[in-house]
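Here's a quick briefing to read with the model open beside you. Have a look at the sequence and fold below, then work through the notes by topic.

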Amino acid sequence: MLGNRLVDVLSARYLYRDNWWRCWVYSLDAQAIRRSRRLQRLEPEENIAMVNQETQTKMSEYHFQPFRNPSIFTGERNQNPEKWLKEFHRVARYNCWDDSMCLANIYFFLQGTAHRWYENVEEKISSWDIFVKMFSQNFGHHVTQKDQLAENLKTRAQGKEETSDSYIQDVLHLCREVDPAMMENEIIAHLTKGISEEIYRSMIILDIATIDEFIKWCRKIEASNKKNV
């Protein structure tokens, strides 16, 4: 009977602001319920205390994860706006932000030139899609950055004290930055031209068709060379 008359306990809701997350938990007012129940001649108030204790126990079972913060975008030429937007979307997914929340939070992660630009065009931005379009149009100078990345990829070579793993991962990163759709055989060509001379002499006779095979043989040859030292 008691269960039928009590309103379900409201769940905890959390809000986010300025790098802090807070929880507001709404609980039943036990004293008010006791007075109300006496007037209605319902079950003894001891049962209310028991139910309230159960409610608190259930509330303690909730766990909240802190939000993640994307990095700050300033609009300087050393920043890649396309890469930054990708990072922002990744953080937004983790934080469970929809498009409206993305638009509401973007202001707090812009500084310098980017911040002033946003304040100048804010009235024209009515949706997240419009923001992304205008943002890309205004800070689209990353084309020149891609040219620089392409040059870095062209001249990248394994250092004398650098491991093959370190070299390979850096080249893979450059390939993805220059062209996310780059074919695997083209990536292998970039890896091969900059690998150390010792590894290259051993690999030249091999028929390597995948990146995984390239990594596997580099490790084997590198390990073998170390044993022979």
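Of the 229 residues in the protein, 33% are buried, where buried means under 20% relative accessible area, exposed means over 50%, and partly exposed is in between (1.4 Å probe, protein chains only). Keep in mind that this is a predicted model, so local features need pLDDT of at least 70 and side-chain atom pairs count only at pLDDT 80 or more, while totals for chains, interfaces and linings use all residues. Residues are numbered from 1 along each chain as its sequence is written, and side-chain values use heavy atoms, with hydrogens and water left out.

**Overall layout**

- The protein has twelve helices and two strands; helices (H or I, at least four residues) and strands (E, at least two) are DSSP runs, numbered from the N terminus.
- Reading from the N terminus, the order of elements is α-β-β-α-α-α-α-α-α-α-α-α-α-α.
- Take the contacts between residues at least 6 apart in sequence: 55% of them join residues at least 24 apart, with contact meaning heavy atoms within 4.5 Å.

**Salt bridges**

- How many salt bridges turn up in a search of the whole structure? The search finds three, a salt bridge being a side-chain nitrogen of Lys or Arg within 4 Å of a carboxyl oxygen of Asp or Glu.
- As background, side chains of opposite charge can pair when their charged atoms come close.
- Arginine 156 has a relative accessible area of 18%, so it counts as buried. Aspartate 170 comes out at 29%, so it is partly exposed.
- Arginine 219 and aspartate 165 make a salt bridge too, with their closest N and O atoms 3.0 Å apart. Here the partners are 54 residues apart, again linking distant parts of the chain: arginine 219 is in helix α12 (residues 211-228) and aspartate 165 in helix α9.
- Arginine 219 is partly exposed because its relative accessibility is 47%, and aspartate 165 is also partly exposed, at 30%.
- Through shared partners, salt bridges join Arg156, Glu162 and Asp170 into one network.

**Where α9 meets α10**

- Helix α9 packs against helix α10 (residues 184-194) at an angle of about 140°, with the axes 10 Å apart. Axes are lines fitted to C-alpha atoms, for helices over the stretch in contact, and angles run from 0 to 180 degrees between N-to-C directions.
- That angle makes α9 oblique to α10, since under 35 degrees counts as roughly parallel, over 145 as roughly antiparallel, 65 to 115 as roughly perpendicular and the rest as oblique.
- The crossing of α9 and α10 is right-handed, which is the case if the near helix is turned clockwise from the far one by less than a right angle, and left-handed if anticlockwise.
- On the α9 side, Tyr167, Ile168, Val171, Leu172 and Cys175 make the contact; on the α10 side, Ile187, His190, Leu191 and Gly194 do.
- These residues of the α9 and α10 contact split into seven nonpolar, two polar and no charged. Ala, Val, Leu, Ile, Met, Phe, Trp, Tyr, Cys and Pro count as nonpolar, Asp, Glu, Lys and Arg as charged, and the others, Gly among them, as polar.

**Where α4 meets α7**

- The axes of α4 and helix α7 (residues 128-138) come within 10 Å and cross at roughly 155°, so α4 and α7 are roughly antiparallel.
- This α4 and α7 crossing is right-handed.
- Which residues make the contact between α4 and α7? From α4 they are Pro81, Trp84, Leu85, Phe88 and His89, and from α7 Trp128, Phe131, Val132, Phe135 and Ser136.
- The tally for the contact of α4 with α7 is eight nonpolar, two polar and no charged.

**Loops on either side of α4**

- Cysteine 96 has a positive phi of about 65°, although it is not a glycine.
- Cysteine 96 is in the loop between α4 (81-95) and α5 (99-105), and it counts as exposed because its relative accessibility is 66%.
- Asparagine 69 lies in the loop between α3 (46-59) and α4, and its 38% relative accessibility makes it partly exposed.
- Asparagine 69 and glutamate 87 are 18 residues apart along the chain, with 9.9 Å between their C-alpha atoms.
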